[in-house]
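Please look over the structure below before reading on. The paragraphs that follow go through some of its contacts, spaces and surface features.

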Amino acid sequence: MRKLELHWKILIGMVLGIVFGFVMTQVDWGASFVSDWIQPLGTIFVKLLKLIAIPLIIASLVKGISDLKDISKFRNIGLRTIGIYIITTIVAITIGLVLVNIVQPGNGISEETVTKLTETYANSEGVTKKMNEAMKQKGSGPLQFLVDMVPDNALKAMSDNSLMLQVIFFTIFLGISMLLIGEKRAKPLKDFFDSLNDVVLKMVDLIMLSAPYAVFALLAGVVVSSSDPDLLIALLKYAATVVVGLLLMIVFYSIVVSVFTKKNPFWFLKQMSPAQLLAFSTSSSAATLPVTMERVEEHIGVDKEVSSFVLPVGATINMDGTSLYQGVAAVFIAQALGFDLTLADQLTIVLTALLASIGSAAVPGAGMVMLVIVLEAIGFPADKLAIGLALIFAVDRPLDMCRTVINVTGDATVSMIVAKSVGKLGKPKVKNWDDHLDEVK
């Protein structure tokens with residue numbers, strides 16, 4: 001009997017988790033049972049992925065840079081990466097704005113629904129927290145993101161997954177310095193990071209053995225903690241607009257992969273499916289990063305020199321799915337609350353969402369923080385901001401899961417394009433968790 005592939009196992013786990021979650025909502029003790037005995041298994045899995053994210057970035061990025069030999073290659077990779085990320089983000093925002101202006105989901109929201117959503121969520125802890133975070137970001141200077149990128153304590157940066165850009169900065173600095181002292185002097189340190197990279201990738205393989213069970217636990221937890229079904233139905237048109245936009249981004253990526261890398265887009269999506277399914281389950285690009293790197297390097301054939309830079313940077317600054325959501329959500333809120341938007345306002349949304357995506361953390365819920373910044377930029381009344389967030393809060397979690405899939409797929413797409421452009425897209429070399437098991441038996 002042929003062994004079932006990982007993405008099918010994860011998909012089965014997701015379906016069973018959703019079904020189990022719905023069954024548990026029908027009994028009084030169901031929600032507490034899931035939160036006490038099921039959901040912790042998913043939480044442990046996400047923690048394990050986050051645990052190895054920083055070591056993997058450091059080891060793979062140092063290895064990638066030190067293998068370059070020519071420092072000008074790194075400049076080429078860096079410039080192409082940032083340039084392509086900006087282009088894909090602008091495409092995503094544009095798709096979102098075009099769709100929301102055609103569908104106009106905000107015009108179908110009744111005053112009764114607006115009132116109910118406001119009463120339910122406007123003063124909730126979640127909305128208040130997002131507002132405070134956004135105000136903190138908005139109060140910073142124009143070059144604050146550059147200041148935040150440079151750590152004053154490398155070890156402190158490595159202890160916090162939200163400081164991934166600082167870790168990337170330090171690691172690039174370390175890798176370039178290793179190149180400049182010459183191959184002979186750098187060899188002991190290079191050998192250490194090469195070995196660390198192999199060990200961390202093996203840890204990814206071991207963690208992924210539990211992925212189907214963890215996804216079951218995560219999805220069951222999402223279902224039992226979901227909002228009022230009536231409110232979800234009222235927001236269905238808005239949610240559908242976002243999802244259609246995200247699907248169009250998948251089509252866009254498929255065309256780009258086909259045209260620029262000459263690879264079959266269906267093959268690409270199949271290879272990326274485990275990472276996409278995990279992104280959906282965890283709602284976090286950062287948590288999914290170790291799996292994304294493993295799939296792109298081993299299953300697609302992108303050289304580590306490219307993937308070790310493109311993917312960690314992408315997990316931090318490339319938020320195509322989130323940026324598309326910004327455009328749709330901002331216009332939807334304006335439509336629902338009767339705030340007229342000019343063409344200039346919509347162009348402002350494009351620019352602000354692009355800049356906000358660079359400074360956004362790769363964690364669940366970061367999109368709503370960005371949304372407050374976007375709404376402020378178009379002059380949305382400050383006293384209605386909480387109401388605006390309350391309108392979309394009910395469906396934010398499921399949409400966050402969907403847009404994280406796009407973020408991860410976008411990172412992988414750009415890594416393939418950059419790799420192809422510098423001649424670093426080769427044949428896949430798949431490694432399994434038990435490849436060296438015979439050596440230690």
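Predicted model: local features only at pLDDT ≥ 70, side-chain atom pairs only at ≥ 80, totals over all residues.

Which kind of contact do the side chains of Asp194 and Lys63 make? The two side chains meet in a salt bridge, with a distance of 3.7 Å from N to O. Asp194 belongs to helix α9 and Lys63 to helix α2 (residues 30-66), so this pair ties together parts that lie 131 residues apart in sequence.

The search of the whole structure finds ten salt bridges. One of them joins the side chains of Lys304 and Glu297, at 2.8 Å from N to O. Lys304 is buried, with a relative accessible area of 13%, and Glu297 is buried with a relative accessible area of 11%.

Another salt bridge links Arg403 to Asp400, where the closest N and O atoms are 3.4 Å apart. These two residues sit in helix α20 three residues apart, so about one helical turn separates them. Arg403 is buried, its relative accessible area being 0%, and Asp400 is buried with a relative accessible area of 5%. Elsewhere, salt bridges with shared partners join Lys63, Asp67, Lys190 and Asp194 into one network.

Next come the empty spaces. Rolling a probe the size of a water molecule over the atoms shows where empty space is left. How many cavities of 30 Å³ or more does a search of the whole structure find? The search finds two. The second largest cavity has a volume of about 30 Å³. Its lining is formed by Ser285, Leu289, Thr292, Leu311, Ala315, Val408 and Asp411. By class, these lining residues divide into four nonpolar, two polar and one charged.

Helices α14, α15 (304-317) and α20 (396-421) each supply at least two residues of the lining of this second largest cavity. Of the elements that contribute, α14 gives the most, with three residues. Helix α20 is also the helix that holds Arg403 and Asp400.

The second largest pocket is a separate item, and about 650 Å³ of space lies in it. Of the 23 residues that line this pocket, Lys3, Glu5, Leu6, Lys9 and Asn432 are the closest to its centre. Which helices each supply at least two residues of the lining of the second largest pocket? They are α1, α9 (183-208), α10 (211-224), α13 (265-282) and α14 (285-300). Helix α14 gives the most to this lining, with four residues. In the lining of the second largest pocket, ten residues are nonpolar, four are polar and nine are charged.

On the surface, Val23 forms a nonpolar patch together with Leu4, Trp8, Leu11, Ile12, Val15, Leu16 and Val19. The accessible area of these residues together is about 700 Å². Val23 itself is partly exposed, with a relative accessible area of 45%.

The last topic is the backbone. Most residues other than glycine have a negative phi, and most peptide bonds are trans. Lys262 is not a glycine, yet its phi is positive, at about 60 degrees. The place of Lys262 is the loop between α12 (236-261) and α13. Ser283 also has a positive phi, near 60 degrees, and is likewise a residue other than glycine. Ser283 lies in the loop between α13 and α14.

Are Lys262 and Ser283 buried or exposed? Lys262 counts as exposed, at 65% relative accessibility, whereas Ser283 counts as buried, at 2% relative accessibility.

Notes:
Residues numbered from 1 in each chain as written. Heavy atoms only, no water. Patch = residues over 30% accessible without salt bridge, like charges linked within 9 Å, V, L, I, M, F, W, Y side chains within 5 Å. Areas by Shrake-Rupley, 256 points an atom, 1.4 Å probe, with all protein chains shown as cover. Salt bridge = Lys/Arg side-chain N within 4 Å of Asp/Glu carboxyl O. Buried < 20%, exposed > 50% of the residue type's maximum accessible area, 1.4 Å probe, protein only. 1 Å grid on protein atoms, 1.4 Å probe; cavity = no way out; pocket = protein on both sides within 12 Å on 5 of 7 lines; lining within 4 Å. Points joined across faces, edges and corners; volume = space filled by probe spheres on them. Nonpolar A, V, L, I, M, F, W, Y, C, P; charged D, E, K, R; others polar.
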